Each structure stands twice: as structure tokens, then as C-alpha cells.
Amino acid sequence: MMIPISANAALVAIAGSSGMATPLPESVAAMLDDAGSDTGLLQKVAQIARRTDPDSIAEIDARVTAILKAKADARALEMASWGVFDGWGGSGEIGAFASSGNTRNSGIALAGRLARQGRRWNHALRGAIDYQRESGITSKERYFAGYEGNYSVSPRAYALLTGSYERDRFSGFDHRFAESIGFGYRIIDRPNLKMAFEGGPALRQTRFTNGVDDIGFAFRSAGNLRWDATPRLAFTQNASVYHDNFNTSVQSLAAATAKLNGALSARASFQLNTEANPPAGRLMADTTSRLTLVYAF
């Protein structure tokens, strides 16, 4: 990554004001510049550079700061020029699942995700299908679609709006819609480790398989964790809880994703869904394990 002229000017100004006696070796500066496109790699290279050139720590820190600032400024300038359909990326996922609880079987798992990260607004769309049909009879059928939009009010805090649709007759409901607003806070926001918690009021509309309709207000709380253990291996944990006077629903999804080649990854995930007050004859908990291939675009 080449540092823009403005970033180089900042480096000169910082170096001149710090009174450093040992200039930054050109080889170290080149390594930092080359790693600048990957923030996690840049930090690792900087750590090694500080150990090998302790007399140049101030210049190393100054160059890393300038690289990150130039990168952020370039990103902000790019996002400012986006149209409605610009800046979207996502992934598609296909594989197999095995479930336990109200159904014990295996079948095809499909999922997809679209996301856009803007200057203040971030958007994400998700969808997932678990399906199995044997001898002309459907034995597993679960559909999920969700949207989340959040608006940054500070570097760590954000307001949020969510909406979701679920259908899982084998767990006891024909369909369920949920809408919520609230606030979130990133308690950890590092290049390779991020953790956030969210909370706020929600409205849910559920049609159970026994014909009972339930519409009511609830409180939604959620937690999200992502840990990039290595440049090729990431662990994620996403959980949400809806609590109202009639029922408490929990959904937890843990996944390990390993990059294979280019845009292709392999993923192993485990999902837990619970209903504190399921319809008569239904179990409280369902689990789904998935092995899938993921293609990012």
C-alpha cells in the first residue's frame, strides 16, 4: 500500500517534532507500507518492528498512525461517493445439517448474507433455510430472514433497528415476525477481536401451529462476538433473547470459519433455539449443527 502525500507530510511533521535521533530504516518503512492494506497484519508487522528496532519506536508508531489515518480518510471519501447500490458485499453458503430436539434428521442447509458498511449507517440482510424431504414427506422445514440497520452515534455506540421472519412448524409455529429498536455498544473494538451488546423494546407477532395467535411487546437483548484467531481462522458467536409475559425465546449461533482458497471458506456451526413456553407436545429446545462451504463476494 502506497501512503498518500498527505500521510507522508504528516509523518515528516511528527518525526520533526519528536526530536528522534534514529531515523526509521527504509526496509522497515517499506514493510509497514506493504502491510497497510490489512490492519491486523499491519499491527503484527509493527510489533515485530518495535522489537527489532527499539530506537525507532516513535517513528514506527507515527508511521502506523499515518497509514491508518490515510486508509480511513480514503475509505470515507469512497463512501461519500456511493450510490444506493454501491458498497454491498456478502456471502452464500451451502452444505448439510443435523438437528435434534423436535426433529432428529439431516438435510440441506442454505444461507446468504448481504451487508453494507457506510460512514454512519450499516445495513445487513440475512437468510437461512434448513430443509429435508423423504418419501414425499417434509420432515424438516425452517426458514429465516432478517434485517439489521445501525446508525453510529459515537465510535462505539450505535442506535439500531431490526426485523425478522421465521417459519418452523416442527418447533410449533407457522410464522413469527419480530421488530425492534434499541441501542448497542461495542465493549471491545480491536482489529482482531470485537464484542458488542444490544438491547431495546420489540414487537412480536406469532401464529402457532395449534392456531393460537400471540401479538405482544417484548424486550430484546443480544450479544455479538467475532475473534479472528489467525488471518485464516475466525470464530463468531451471535445470540439474541426475546422476553415477554407469555414466552422467552433464545437463539444462539456459534461458528468457526476457515479460509480455504481465495473467496472460498469452510464453516462449522452450531445453533440452539429455545422456547420457554412451547405449544403442547413440543420440546423446549432445538439444536442444528451445520457443515457448509461459504463463498464471499
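## Basis of the model

This is a predicted model, in which local features need pLDDT of at least 70, side-chain atom pairs count only at pLDDT 80 or more, and totals for chains, interfaces and linings use all residues. Residues are numbered from 1 along each chain as its sequence is written, and side-chain values use heavy atoms, with hydrogens and water left out.

## Helix α2 against helix α3

Two packed helices are described by the angle between their axes and the distance between the axes. Helix α2 spans residues 26–35, and helix α4 spans residues 57–80. Helix α3 covers residues 39–52. Helices (H or I, at least four residues) are DSSP runs, numbered from the N terminus.

The axes of α2 and α3 lie 8 Å apart, at an angle of about 165°. Axes are lines fitted to C-alpha atoms, for helices over the stretch in contact, and angles run from 0 to 180 degrees between N-to-C directions. The pair is therefore roughly antiparallel (over 145 degrees; under 35 counts as roughly parallel). The crossing is right-handed (the near helix is turned clockwise from the far one by less than a right angle). From α2, the contact uses V28, M31, L32 and A35; from α3, it uses L41, L42, V45, A46 and A49. Contact means heavy atoms within 4.5 Å. The residues of this contact divide into 9 nonpolar, no polar and no charged. Here Ala, Val, Leu, Ile, Met, Phe, Trp, Tyr, Cys and Pro count as nonpolar, Asp, Glu, Lys and Arg as charged, and the others, Gly among them, as polar.

## Helix α4 and its two partners

How are α2 and α4 oriented to each other? Their axes come within 10 Å and cross at roughly 25°, so the two are roughly parallel. This crossing is right-handed. A29, L32 and D33 of α2 meet I60, R63, V64 and I67 of α4. That contact has 5 nonpolar, no polar and 2 charged residues.

α3 and α4 pack at about 170°, with axes 10 Å apart. They are therefore roughly antiparallel. α3 brings T39, L42, Q43, A46, A49 and R50; α4 brings I57, I60, D61, V64, I67, L68 and K71. By class, there are 8 nonpolar, 2 polar and 3 charged residues.

## The cavity

A search of the whole structure finds 1 cavity of 30 Å³ or more. A cavity is a set of points, on a 1 Å grid over the protein atoms alone, where a 1.4 Å probe fits but cannot get out. The largest cavity holds about 30 Å³ of space. Such a volume is the space filled by probe spheres set on the points, which are joined across faces, edges and corners.

R176, R204, T206, F208, D214, D244, F246 and N247 line the largest cavity (lining residues have an atom within 4 Å of a point). The lining has 2 nonpolar, 2 polar and 4 charged residues. Strand β7, residues 193–208, gives the most, with 3 residues. Strands (E, at least two residues) are also DSSP runs.

Terms used:
On a 1 Å grid over the protein atoms alone, a cavity is a set of points where a 1.4 Å probe fits but cannot get out, and a pocket is an open set with protein on both sides within 12 Å along at least five of seven lines; lining residues have an atom within 4 Å of a point. Angles under 35 degrees count as roughly parallel, over 145 as roughly antiparallel, 65 to 115 as roughly perpendicular and the rest as oblique.
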